[in-house]
Amino acid sequence: MMRDHRVRILSNAPETLTYWRLRVRLSETIAIRPGQFVMARTREQWEPIWRRALVIYRAEEHAEGMDLEFLYKVLGRGTALLSRQRPGDELEMLGPLGNGFPHDADPDAEALLISGGIGLPALYLLAEALARDGRAVRLFHGEPTVEPERPLPFLDDFARVLEPEAITLATEDGSRGFPGLVTEAVEAYLERTRPGRAVLYACGPTPMLRRVAEIAAQRRLPAYVSLEARMACGFGVCLGCAVKTQFASEHMPHYRRVCAEGPIFRAEEVIWDEL
Amino acid sequence: MSCDLSVEIAGLRFKNPILTASGTFGYGLEFASWFDLGRLGGICTKGLSLEPLEGNPPPRIVETHGGMLNSIGLQNIGVRAFVAEKLPQLRQFQTHIIANVFGSCFEEYLEVIRILNDAEGISAYELNISCPNVKAGGMEFGNDPDEAARLTEACKRIARRPIIVKLSPNAGDIVRVARAVEEAGADALSAINTILGLSVDIYTRRPRLATGMGGLSGPAIKPIALRMVYQITHAVRIPVIGIGGIATVEDALEFLIAGATAVQIGTANYYDPLASIKIIEGLKRFCEQHGITTIRSLIGSLQMNERLA
């Protein structure tokens, strides 16, 4: 159940030039679906006024409760403030929120996980759940560029639950892995292997998600995308995060809330021109 | 010694002066998993229109220093769905349900009120004549004292419950509008709605909201709201419910001292769903610590420097 959890920071440090890893301890265990998020703020925070949405990257139960991990990029005032919090400091985390990925969409299909940039953390728990079910899982992750020789620790996390050869890194400048957009890497894979059944799960920038939706439509594959939107509350009341979708409900034929009905939507439901 | 937190507005007794503001509290039920809604003085519902409204295209909100701009566009399920699907559950809670009402024209306000008149479990109507984000939000009524008075009078004539008129800070002279609607029969006033604002993306050189401008809320607007509530309470005899950037018990106390009979908590509900409950608890503590036996003794107790008043 959704609650405002007071959590203690175990560690909070930069992992690469752009990604920070935050690890916190809850004094209880909570049920989390892959792709769900929390709304986080520091204690007694007045500025910035909104909490920040953080997708739950990893979760680990233990005798004292549960540790949660988050990956984030320092992009603005909220994440800058978060990056200044030290081990021992407390955070307030409202959650878990949102619908989460359906990981039993098609049990016999290959699962293709597709992420761009900071979309990656939304996919770890899904990869773990699918692998636990014995499903065929591949991860395609795209970055604009990756420093040569620098480790990418978060891809090592995925390598512990997926076969190393099931992970494809794509860089737009060709500095490492597949040279080009991550969606081009996915297309090349689909072209090469022509899997009869596959389900696409994606999180990343909107142009990437839109391309994933097109690829899925062309090849008649189901696809689930995790959308992002500005959120004041994260639990369904501010209506700030509404996105236009195909038929939503009798009262509200179009708009759905990313925080409540989402953040995961079927790709064909999203009206991409109106995002 | 426990403090009496109750206040009276338009013949209604509120167990405490803390209400939640329209548009920030959904239809109330969204918060029922957080706390017993019966602990609140009252709940102002999301603005209700005759037909469902889809609202404005995104992006609809943007964070600013000490606040936020919104241009939701009065998205709501419509008055009939509210009565059929939300009210039966909502009225189970021991608190006042205040239905926030708006229309795109005179007749629509009246029709919404007629439908609500037949529903059980509503204590009062709050007329939204002040949404800055949609034409249908009644802004043309809110800006013009004569129009505001005409609407108030017409609503008052058919309403079976007290009418609270929610005033806009974007009116040329909010005090004139306040006086006009009081004269027209309003039972109480609430002030202020959001302040029209703008935020610009310097890279695209476009507004950060799809509709261009939006309503500013949050702690940033509190001093303006407080000043307006002070001015209004000195110009009218009917009670005024203070709204505008209230985030702490100290904020709520400032409004009461400045003259508000009660307050509404708005934007704070977003980042802390328990904000209103924390403020109620804070009021009790403050009264106990300062030997205040009734919260009513604070209302309008501001000692303004006379030369500056």
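This is a predicted model: local features need pLDDT of at least 70, side-chain atom pairs count only at pLDDT 80 or more; totals for chains, interfaces and linings use all residues.
Local features are described only at pLDDT of at least 70, and side-chain atom pairs count only at pLDDT 80 or more, while totals for chains, interfaces and linings use all residues. Residues are numbered from 1 along each chain as its sequence is written, with chains lettered from A and ligands numbered from 1 in the order in which they are written.

Chain A holds an open sheet of seven strands, ordered β11-β10-β9-β8-β12-β13-β16, with mixed pairing. Strands here are DSSP runs of E with at least two residues, helices are runs of H or I with at least four, and both are numbered from the N terminus. Two strands count as paired if DSSP finds at least two bridges between them. At the edges stand β11 (178-179) and β16 (264-266) of chain A, each with a single partner strand, so one side of each is left without a neighbour in the sheet. Further in, β12 (198-203) and β13 (223-226) of chain A run parallel and share four bridges; there, L200(A) has A223(A) as its bridge partner. Helix α4 (182-193) of chain A packs on this sheet, touching β8 (110-116), β9, β10 and β11 of chain A. Its direction makes about 145° with that of β9(A), the angle being taken between N-to-C directions on a scale from 0 to 180 degrees, with axes fitted to C-alpha atoms, for helices over the stretch in contact.

Elsewhere in chain A, β1 (3-14) and β2 (19-26) run antiparallel, joined by six bridges. The two form a hairpin with four residues between them, and N12(A) sits opposite L22(A). β2(A) also pairs with β6 (65-73) of chain A, antiparallel and through eight bridges; R23(A) is bridged to E69(A).

Over in chain B, the buried residues of helix α1 (79-90) are V79(B), F82(B), K86(B), L87(B) and L90(B). Buried means 20 or more other C-beta atoms within 10 Å of a residue's own, exposed means 12 or fewer, and partly exposed lies in between, with C-beta atoms placed from the backbone. On the other side of α1(B), A84(B) and P88(B) are exposed.

Finally, 29 residues of chain B are in contact with 25 residues of chain A, contact meaning C-beta atoms, placed from the backbone, within 7 Å. On the chain B side, β5 (61-64), β6 (67-70) and α8 (268-271) each supply at least two residues.

Note on methods: Two residues are in contact if their C-beta atoms, placed from the backbone, lie within 7 Å. The expected span of a helix is 1.5 Å times one less than its number of residues.
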